[in-house]
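Subject: the structure I promised you

Hi! Here is the structure we talked about, so please open it and keep it on screen while you read.

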Number of protein chains: 2
Amino acid sequence: MAVLPPSMSPPSAPRGFRVGTARAGIKPGAKRKDLALIVADVPCAAAGVFTTNEVRAACIEMAKARIQQGTAQAIVVNSGNANCLSGAQERAWSEQMADAAAAAVGTLPQLVLPASTGVIGEPFPIDRVVPAIDLAARSLDRSPQAWMAAADAIRTTDTFAKWGSVEGDGWSIVGIAKGSGMIHPRMATMLAFFATDLAVPAPTLQAALHEAVRRSFHRISVDGDTSTNDCAIALAHPQGVEATPERVERFAEALALLAQQLAQLIVRDGEGATKFVTVAVTGARSEEQAEAVLRAIATSPLVKTALAGSDANWGRILAAAGSAGAGIQRERLTLWADGVKIVERGARAPSYREEDGMRIFAQAEFTITLDLGLGSASATGWMCDLSYEYVRINAEYRT
Amino acid sequence: MAVLPPSMSPPSAPRGFRVGTARAGIKPGAKRKDLALIVADVPCAAAGVFTTNEVRAACIEMAKARIQQGTAQAIVVNSGNANCLSGAQERAWSEQMADAAAAAVGTLPQLVLPASTGVIGEPFPIDRVVPAIDLAARSLDRSPQAWMAAADAIRTTDTFAKWGSVEGDGWSIVGIAKGSGMIHPRMATMLAFFATDLAVPAPTLQAALHEAVRRSFHRISVDGDTSTNDCAIALAHPQGVEATPERVERFAEALALLAQQLAQLIVRDGEGATKFVTVAVTGARSEEQAEAVLRAIATSPLVKTALAGSDANWGRILAAAGSAGAGIQRERLTLWADGVKIVERGARAPSYREEDGMRIFAQAEFTITLDLGLGSASATGWMCDLSYEYVRINAEYRT
């Protein structure tokens with residue numbers, strides 16, 4: 001299941017990048033392509049945001065260390081196996097993957113960022129991955145379709161490929177992402193890769209990516225879990241359009257917008273999702289307070305299962321908000337579902353009729369707005385429901 | 001579903017207390033008794049631990065305020081409606097409930113502690129509750145069976161009534177509890193009531209109850225949610241056995257043990273539970289570190305769904321541990337399921353065979369032990385799985 005987006009046109013492809021894909025057969029029997037290469041014509045400014053999970057894959061440590069130098073030319077990424085907790089060879093396998101990519105595209109190994117996603121704790125089939133990297137290098141292509149193919153190759157339980165782009169004055173940003181379970185405000189089983197032909201320098205790119213991730217991937221929740229292999233990486237081509245201050249400002253906004261679009265696609269494809277719900281927390285004393293309440297609502301299994309049942313169980317939404325420990329006051333709360341006011345001053349609104357709430361909650365998409373009545377800060381995020389199907393997918397993941 | 005305990009004999013009934021029950025019909029059409037009265041012969045030392053949720057029911061505020069005086073004589077509790085977010089009358093309804101109980105048993109209203117559990121946000125049927133309180137008062141009884149009837153009357157989605165007792169030298173503690181969903185280390189939709197005929201003074205009782213709750217109800221997880229109406233209350237009869245220092249020490253241990261027994265019963269009856277899993281985190285630098293890791297594992301939806309699928313997906317257990325941000329080191333981790341070593345130095349143990357893990361995870365009850373390799377502190381808790389049935393119960397809760 002998934003709550004499909006209205007439409008997805010092919011993305012813009014920024015100049016100076018080529019993308020290739022191949023089928024390594026990492027999961028035995030899998031028929032899809034499962035390996036992608038993103039290659040810039042020259043070393044690029046690079047930025048990254050990585051999982052904070054203390055149990056991290058070697059590829060994350062490698063990519064993080066390499067990005068700290070501020071430059072990268074290629075990303076090599078596979079689905080089907082996370083190469084995490086896979087044994088003594090884990091780091092060597094990630095290095096071999098990057099080395100093979102460097103050789104295949106003609107760059108230095110330290111300019112290649114490896115990424116892996118999929119099952120944890122299984123031996124990594126490096127013997128199938130290396131030849132596939134050569135194959136992917138031979139398919140390198142500058143077209144929007146190549147980015148779409150890469151978005152497809154990095155899928156695991158995703159039911160559709162996720163991409164997007166934003167255009168500026170003569171430059172663009174393309175982004176691809178994967179993720180449908182283990183999704184959480186603190187990063188999750190997701191990968192996102194961005195490329196732009198605006199010549200943004202590395203420190204600026206890092207700041208913009210951090211802010212974009214904070215306002216997008218950190219504000220979604222499928223199940224509240226975090227993963228060992230997450231990252232968001234951005235590459236900016238140094239020979240692209242000149243990064244004037246005005247353009248950099250526009251770029252940062254565009255990157256955040258694109259990250260939000262991708263984050264929303266991830267929620268729409270949440271494992272077993274039948275609802276796509278926007279949660280807006282308004283009237284907060286600070287953005288941090290709004291985010292804390294947002295997170296408590298968006299990760300509550302009781303809110304999520306009520307959504308699965310199309311039940312306008314607004315008491316659970318308020319209970320979840322109260323559990324955040326964010327200093328809210330019950331008697332100041334107002335709650336709406338789309339245009340229907342449900343709660344006023346912390347109790348059922350006199351005008352509220354159960355059938356109005358039920359009508360909204362029966363929809364596949366709607367917005368919940370909780371006003372805290374304390375100030376003027378706000379935060380918006382996106383959540384899906386917790387359905388039977390989520391349980392089935394995750395109970396049977398390895399079978 | 002539930003993972004039933006081996007056996008439950010009738011509890012000991014401490015001297016000086018009477019218990020009554022009645023059917024108020026709070027949920028229209030419900031056939032079970034849904035109201036209970038616990039009454040001491042004289043005002044008792046009283047202690048309580050209450051939900052930290054910022055959206056709290058009026059009855060919680062009332063009971064908390066009254067317990068701060070250190071004395072109480074009666075508890076009146078209903079299931080079927082939490083009388084929370086139920087409108088302008090909420091506080092008045094809880095007061096009427098306590099007033100009716102005070103009149104029926106012949107004590108002062110401020111010595112009565114009200115408690116309610118059930119659906120949030122619905123008008124409270126006070127007109128049906130008050131006559132039932134009179135009825136319950138007429139059934140007051142000193143027998144173990146009366147305690148069992150009260151345990152039954154406070155059930156909501158619980159599939160079995162939960163009680164227990166521990167005996168000392170001439171004194172005993174009885175405890176009853178309810179809870180099967182919204183269960184979380186930070187307190188959840190649960191109520192627990194304890195009574196003893198050891199004459200423990202109120203401050204000692206409060207300290208013992210706090211410690212008991214910390215080691216029991218705060219260490220279980222069904223779904224990670226917290227509720228608006230939770231409380232654990234203890235009454236100690238002042239004319240009971242003399243509370244010598246030795247007895248008080250023994251009492252504190254016995255109360256913690258009893259609270260753990262009740263907490264385990266709650267997990268066994270977790271909504272939709274098919275597994276009862278003990279999680280032991282050992283080798284920690286501090287008990288706080290062990291508790292943080294325990295909590296991350298026990299609340300992880302991905303660990304819970306893997307359990308539902310009987311899948312020994314140990315990578316998810318380590319990933320959950322890493323997400324706690326508690327300062328663990330991957331390469332020091334050792335993981336066992338019962339006697340089977342799965343992970344050694346942060347990677348699959350050479351001796352581990354998948355079929356051994358699968359055999360353990362196929363059982364309805366087993367123990368997961370994660371050694372952090374950092375120190376000598378530890379914490380043990382209990383969790384259940386997240387099954388289809390959990391989703392069904394919570395998606396359809398109000399239908």
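Let's start with a cysteine: the sulfur of Cys231(A) has its closest cysteine sulfur in Cys59(A), 7.1 Å away, and that is too far for a bond. The bond in question is a disulfide, a covalent bond between the sulfur atoms of two cysteines. The cut-off used here is a pair of cysteine sulfur atoms within 2.5 Å. Cys231(A) is also buried, at a relative accessible area of 1%. (Buried is under 20% relative accessible area, exposed is over 50%, and partly exposed is in between, with a 1.4 Å probe and protein chains only.)

Before going further, some housekeeping. This is a predicted model, in which local features need pLDDT of at least 70 and side-chain atom pairs count only at pLDDT 80 or more, while totals for chains, interfaces and linings use all residues. Residues are numbered from 1 along each chain as its sequence is written, chains are lettered from A and ligands numbered from 1 in the order in which they are written, and side-chain values use heavy atoms, with hydrogens and water left out.

Back to the cysteines. How many disulfides turn up in the whole structure? The search over all chains finds zero.

Now chain A as a whole. Eleven helices and 15 strands make up its list of elements; these are DSSP runs numbered from the N terminus, H or I with at least four residues for helices and E with at least two for strands. Does its radius of gyration agree or disagree with that of a compact globule? For 399 residues such a globule would be near 21 Å, and chain A has 21 Å, so the two agree. (The radius is taken over C-alpha atoms, and the globule rule is 2.2 Å times the number of residues to the power 0.38.) Along the principal axes, the C-alpha atoms fill a box of roughly 70 × 50 × 35 Å.

Of the 399 residues in chain A, 63% count as buried. If you take contacts (heavy atoms within 4.5 Å) between residues at least 6 apart in sequence, 81% of them in chain A join residues at least 24 apart. As for charge, chain A carries 38 positive and 41 negative side chains, and the centres of the two sets are 2 Å apart. Lys and Arg count as positive and Asp and Glu as negative, with His and the chain ends not counted; each charge is placed at NZ of Lys, CZ of Arg, CG of Asp or CD of Glu.

Ala349(A) sits in the loop between β13 (347-348) and α10 (354-361) of chain A. Ala349(A) is buried, at 1% relative accessibility. Leaving out residues up to four places away in sequence, it touches Lys341(A), Ile342(A), Val343(A) and Glu344(A). Its C-alpha is 59 Å from that of Trp93(A), 256 residues away in sequence.

Gly346(A) is in the loop between β12 (340-344) and β13 of chain A, and its relative accessible area of 1% makes it buried. Which residues does Gly346(A) contact, leaving aside neighbours within four places in sequence? They are Arg330(A), Glu331(A), Leu333(A) and Leu85(B).

In chain B, look at Asn83(B), in the loop between β3 (71-78) and α2 (90-105). Asn83(B) is buried, at 0% relative accessibility. Its contacts beyond four places in sequence include Ala57(B), Trp93(B) and Phe124(B). Asn83(B) and Ile120(B) are 37 residues apart in sequence, with C-alpha atoms 6.5 Å apart.

One last thing, about backbone angles. Most residues other than glycine have a negative phi. Ser310(A), however, has a positive phi of about 55 degrees, and Ser310(B) has a positive phi near 55 degrees. Ser310(A) lies in the loop between α8 (301-308) and α9 (314-323) of chain A, and it is partly exposed at 25%. Ser310(B) is in the loop between α8 (301-308) and α9 (314-322) of chain B, and it is partly exposed, also at 25%.
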